[in-house]
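Here is the note you asked for on the charged side-chain pairs in this structure. Please read it with the sequence and the model side by side.

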Amino acid sequence: MPEPTIFKKIIDGEIPADIVYEDDQCLAFRDVNPQAPVHILVIPRKEIASLAETDDGDQMLLGHMMLVIRKLAAEMGLTNGFRVVANTGVDGGQTVNHLHFHLLGQRNLEWPPG
């Protein structure tokens, strides 16, 4: 059995996190290395390695997570805009093999991101 990811350890309460939202499907917490004044990670409780590893049965979960992101953006006052990122795979810059969305805001987010 592979070693649990840091996100699985956060879900299980083995590692502390600054949790800003949780329900039976997902968890959201502040990134320990923020790239913007608001940088929240939203992760599913279900262990899914990446967006590429989702299947049709994950449709409701993914939709739920997008609605949670919308809610968090409103609560964080991101009325001027925000960015949602899902790094996927090595070339996509994914460093933790557990699906997660980055919610970034409260600064001008240039394009392309780099």
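The points below take up the salt bridges and the surroundings of their residues.

1. This is a predicted model, in which local features need pLDDT of at least 70 and side-chain atom pairs count only at pLDDT 80 or more, while totals for chains, interfaces and linings use all residues. Residues are numbered from 1 along each chain as its sequence is written, and side-chain values use heavy atoms, with hydrogens and water left out.

2. A search of the whole structure gives six salt bridges, the term standing for a side-chain nitrogen of Lys or Arg within 4 Å of a carboxyl oxygen of Asp or Glu.

3. Among them is the pair of Arg45 and Glu22, whose closest N and O atoms are 2.9 Å apart. This pair links distant parts of the chain, since Arg45 sits in the loop between β3 (38-44) and α2 (59-75) and Glu22 in strand β1 (residues 19-22), 23 residues apart; helices (H or I, at least four residues) and strands (E, at least two) are DSSP runs, numbered from the N terminus. Arg45 is partly exposed at a relative accessible area of 26%, and Glu22 is also partly exposed, at 47% (buried means under 20% relative accessible area, exposed over 50%, partly exposed in between, with a 1.4 Å probe and protein chains only).

4. Lys46 pairs with Asp58, the closest N and O atoms being 2.5 Å apart. Lys46 is partly exposed, with a relative accessible area of 43%, whereas Asp58 is buried at 2%.
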